[in-house]
Amino acid sequence: MAEKEYQRLTRARSRSEFAFAFVSRSSLWLGKDHLLCVSTNGYTETYKRFYFRDIQTISLQRTDRHLWWGAVLGFLAFIFFALTVAGVPKIPPAQWTGGQMAGGIFLGSVTGLFILLLFINFFYGPACKCFLRTAVQIEELPSLNRLRRAHKALARLRPLLVAAQGELTPEEISSRIRAAAGTPPETTPAMAPQAATSPPTTPHPPAPPPVIS
Amino acid sequence: MNTSLVQCPKCQAWLLEGVFNQPDLLPCPACGTPLQIEVFPALFRNQRVGRSSEAVLVEGESSCFYHPQKKAVIPCQGCGRFLCALCDCEFNGQHFCPTCLETGKTKGKIRNLENQRTLYDSIALSLAILPLLIYYFTLVTAPMALLVAIRYWKAPHSIVRRTKIRFVAAIVLASMQIMGWGLLLVALTTHRL
């Protein structure tokens with residue numbers, strides 16, 4: 001049956017960092033000869049296909065997002081914990097009123113929720129951004145936003161891409177890139193920091209035309 | 001983007017060596033961001049240049065359906081019309097004319113060109129569940145959910161999801177809501193009598 005041709009590579013993850021509901025979520029699926037990126041808002045699905053033979057690079061860039069989330073969640077957990085402790089009446093629990101008990105349960109639950117989210121955040125591990133490049137586009141894959149998950153996905157993808165295209169060693173890649181950049185091997189540094197927005201062959205932009213007043 | 005060069009995703013510096021196809025993340029030589037870049041041979045493949053069509057030279061020679069003055073090189077695998085090199089759109093080893101390609105995309109005949117689908121099962125389920133928060137809305141939304149579920153039962157659903165469980169859940173929930181309203185109506189009527 002044609003409908004069963006995809007295997008799940010990643011579960012749906014939100015595209016936005018502060019997304020909770022009613023936002024686009026993205027997941028990755030493996031097809032026979034392509035990678036399918038499915039974006040959904042719950043009521044429609046949009047598909048992007050990346051054929052194995054067309055994928056040029058997959059880049060992972062480690063980010064600090066998990067640390068920021070950890071800090072925010074830790075701060076909120078601390079605040080609610082402090083509120084819970086401050087709200088505990090100085091009388092024995094048997095003499096607490098219904099309101100005091102309800103307040104304590106509510107604040108304790110919120111504190112527990114933030115602590116749980118904090119643990120989940122650290123359980124997922126370091127965050128990253130993943131970019132897939134073809135000849136005509138560079139596409140961010142939002143569902144690969146954690147390093148461990150990205151490595152797992154890459155481990156499944158790599159053999160398929162190698163089967164479709166073949167394999168290159170790091171030395172081969174460097175020599176080919178140097179050849180493409182017009183840089184002789186072993187005479188230049190690994191990259192040219194001053195050429196951040198232009199190819200290494202043209203490190204300095206051409207001089208602007210003279211202004212005639 | 002026809003270059004065989006690779007940039008750091010963060011600082012956009014051109015990378016020449018060091019970080020490619022390594023088992024671990026290594027710092028970008030320019031900004032220090034830990035990177036892992038998997039490079040595949042497609043990066044160094046030369047891009048094919050588009051063909052130009054040739055003019056018909058001999059009278060009686062097959063010509064393109066869309067450009068009668070151009071020589072036909074291949075028939076469309078969708079409609080059989082003769083196509084010149086300009087009109088020949090190759091897709092997954094098959095040759096189509098632009099019209100068939102567009103039709104295949106919009107009508108979903110060429111599966112791999114389909115880039116959007118409406119999830120009627122999710123719509124039906126939402127119509128059955130969300131109005132429960134303000135329950136008297138269900139008087140209208142329950143029949144709507146039932147209608148959507150029955151009307152689009154055979155409509156193509158998600159490419160990657162396989163079951164009709166959402167449709168079934170929507171039908172069950174909507175039917176229960178309609179029955180509930182029916183019982184309420186009956187109860188009110190008999191109470192008045």
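This is a predicted model: local features need pLDDT of at least 70, side-chain atom pairs count only at pLDDT 80 or more; totals for chains, interfaces and linings use all residues.
Two strands pair if DSSP finds at least two bridges between them.

**Entry 1, chain A.** I began with the secondary structure of chain A and listed four helices and seven strands. Along the sequence I read the order β-β-β-β-β-α-α-β-β-α-α. I then looked up burial: of the 213 residues in chain A, 25% count as buried. For contacts in chain A between residues at least 6 apart in sequence, I noted that 49% join residues at least 24 apart.

**Entry 2, the contact between the chains.** I looked up both sides and found 50 residues from chain A and 47 residues from chain B. On the side of chain B that touches chain A, the elements giving two or more residues are β2 (14-15), β4 (34-39), β9 (116-118) and α2 (120-129) of chain B. I marked β4(B), which with six residues gives this side its largest share. Sorted by class, I have 26 nonpolar, 15 polar and six charged residues on the side of chain B that touches chain A.

Which strand of chain A pairs with β4(B)? I found β5 of chain A, residues 57-63, and the sense is antiparallel. Within the pair I looked up one position and found Ser59(A) opposite Ile37(B), a residue of β4(B).

Definitions and conventions
Residues are numbered from 1 along each chain as its sequence is written. Chains are lettered from A and ligands numbered from 1 in the order in which they are written. Two residues are in contact if their C-beta atoms, placed from the backbone, lie within 7 Å. Ala, Val, Leu, Ile, Met, Phe, Trp, Tyr, Cys and Pro count as nonpolar, Asp, Glu, Lys and Arg as charged, and the others, Gly among them, as polar. A residue is buried if 20 or more other C-beta atoms lie within 10 Å of its own, exposed if 12 or fewer, and partly exposed in between; C-beta atoms are placed from the backbone.
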